[in-house]
Number of protein chains: 2
Amino acid sequence: MPAQSSPPRTDSRPGGRSARVRAAVHQAVKELLADEAGDALTIPVVAARAGVHATTVYRRWGSVGELLADVATSRFSGDVVVPDTGSLREDLERYAYDLARDLSDPDTLALVRAIVGTGGEAAGVCRMERQRQLEAIIEREQGRGNEVPSIERAIETLLAPLYYRAVFTDQPLSPEWARSLVSHLLPK
Amino acid sequence: MPAQSSPPRTDSRPGGRSARVRAAVHQAVKELLADEAGDALTIPVVAARAGVHATTVYRRWGSVGELLADVATSRFSGDVVVPDTGSLREDLERYAYDLARDLSDPDTLALVRAIVGTGGEAAGVCRMERQRQLEAIIEREQGRGNEVPSIERAIETLLAPLYYRAVFTDQPLSPEWARSLVSHLLPK
DNA sequence: CCACTAACGCAACGATCACTGCGAGGTTCC
DNA sequence: GGAACCTCGCAGTGATCGTTGCGTTAGTGG
């Protein structure tokens, strides 16, 4: 036994071959999800759309569920910017607006719905980043010595209506409506 | 051409053969959804579990999507009883409690998540009955000449947090928490 | 510059899926 | 009681899916 040589270090440097096929496969998944077909989102279909062979997808991800989870993780991580205007109300309005705008994107919405459909354990990825963002805003205001609503209340008042309306209804998530949610959390 | 004889009247009388098959297939779908497998919920699997032949399922429903929609429709229709205690607050608390209890059932939750995953257009079935129930409660109170919150506010304050917590998180929907939602809608 | 590792393409295989005629059984209506 | 209709079971077919072994290519470190 060769004394555990090198750990399975995946080639993920930008521009590398693995990174390219990863991006292509992710893009194919998003396109197929948005492609309003309900069609089977199966590995061979994704691979064909991405221009790679199905074998590659099977080996790297194994199943549609893991592939979806990976796409969701890379979609809902990193590219969020916590608003910081100095005013809690304004921060929360920016936050609600950003989230409404994000969930209005058909690709994102289709991804969220697909993730929910895979069993829910991976659904946390779709909201965890946003929830942390919300917590950061409130904790920062708390650090300034002001009274703040509880995280739980903020989630119920902002996150829940936004996600509920996006996922379960066809009503648009207008900026005015998103801001009105903040006015119900901070009535004064 | 036989001059359109009789309309396709499905044999749905209770106890009939079609009704038995339908019930068995619906039960099989619920069991497989709750069976915590993520496994493929495919027509042959459902048929085998229901003790019928796959051909029957293919002919009556055609696809997994339509089958799921049918199961959801018959699951979320009819068996709801609108609370009527004479007090708006008590009605809403009963309502929230009933809904929390309903969504706490793993079978129901799995069905909701699966419906969402199929594309969203059928997701309305999972909430429409409940929304009508909520509207009925509020309109009845309004008929008594009292001030009432808007339907939209009630949906955002009650329906949205319940569905959000059930679908996206693993937190339990405790009766106390459900009641606390009402206290935020009716603060006085 | 050269060897080594890892990721990818290729071609097969078995298994399962979705679908289609055909016949049998039960229910309804005359 | 008999005939028509609908529903279901049965067997077979083509297509697709998931998986595996092997050779090739790209990227990495000495």
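Reader: Which residue of chain B meets the side chain of Arg165(A) in a salt bridge?

Author: This is a predicted model. Across the interface of chain B and chain A, the rule finds two salt bridges. A salt bridge needs a side-chain nitrogen of Lys or Arg within 4 Å of a carboxyl oxygen of Asp or Glu. One of the pairs spans 3.6 Å, N to O, and the partner of Arg165(A) is Glu152(B).

Reader: How many residue pairs are in polar contact between chain B and chain A?

Author: The count takes pairs with both residues at pLDDT 80 or more. Between chain B and chain A it comes to eight.

Reader: Which element gives the most to the side of chain B that touches chain A?

Author: Helices H6 (106-117), H7 (125-143), H8 (151-168) and H9 (175-185) of chain B each give two or more residues to that side. The top contribution is twelve residues, and the element is H8(B).

Reader: How many nonpolar residues has the side of chain B that touches chain A?

Author: The contact takes 28 residues from chain B. By class, seven on this side are polar and eight are charged. The nonpolar residues number 13.

Reader: What area is buried between chain B and chain A?

Author: The size of an interface is often given as the accessible area lost when the parts come together. Here carbon and sulfur atoms give 63% of the area. The total buried between chain B and chain A is about 2400 Å².

Reader: Which residue of chain B does Thr169(A) touch?

Author: Thr169(A) sits in the loop between helix H8 (151-168) and helix H9 (175-185) of chain A. Leaving out residues up to four places away in sequence, Thr169(A) touches Arg113(A) and Tyr164(A) in chain A. Its contact in chain B is Arg127(B).

Reader: Which backbone oxygen lies 2.6 Å from a polar atom of the side chain of Thr169(A)?

Author: The Thr169(A) side chain also reaches the backbone nitrogen of Gln171(A), at 3.2 Å. The oxygen at 2.6 Å belongs to Arg165(A).

Reader: Is Thr169(A) buried or exposed?

Author: Buried means under 20% relative accessible area. Thr169(A) has 6%, so the residue is buried.

Reader: Is Leu68(B) buried or exposed?

Author: Leu68(B) lies in helix H4 (residues 64-75) of chain B. Leu68(B) touches residues beyond four places away in sequence, among them Val29(B), Leu33(B), Leu111(B) and Ile115(B). Its relative accessibility is 4%, so Leu68(B) counts as buried.

Reader: What separates the C-alpha atoms of Leu68(B) and Ala122(B)?

Author: Along the chain, Leu68(B) and Ala122(B) are 54 residues apart.

Conventions:
Residues are numbered from 1 along each chain as its sequence is written. Chains are lettered from A and ligands numbered from 1 in the order in which they are written. This is a predicted model: local features need pLDDT of at least 70, side-chain atom pairs count only at pLDDT 80 or more; totals for chains, interfaces and linings use all residues. Side-chain values use heavy atoms; hydrogens and water are left out. Helices (H or I, at least four residues) and strands (E, at least two) are DSSP runs, numbered from the N terminus. Buried means under 20% relative accessible area, exposed over 50%, partly exposed in between (1.4 Å probe, protein chains only). A polar contact is a pair of N or O atoms within 3.5 Å; within protein, one must be able to donate a hydrogen and the other to accept it, and residues adjacent in sequence count only if both atoms are side-chain atoms. Contact means heavy atoms within 4.5 Å. Buried area is the accessible area (1.4 Å probe) that two parts lose on being put together, summed over both. Ala, Val, Leu, Ile, Met, Phe, Trp, Tyr, Cys and Pro count as nonpolar, Asp, Glu, Lys and Arg as charged, and the others, Gly among them, as polar.
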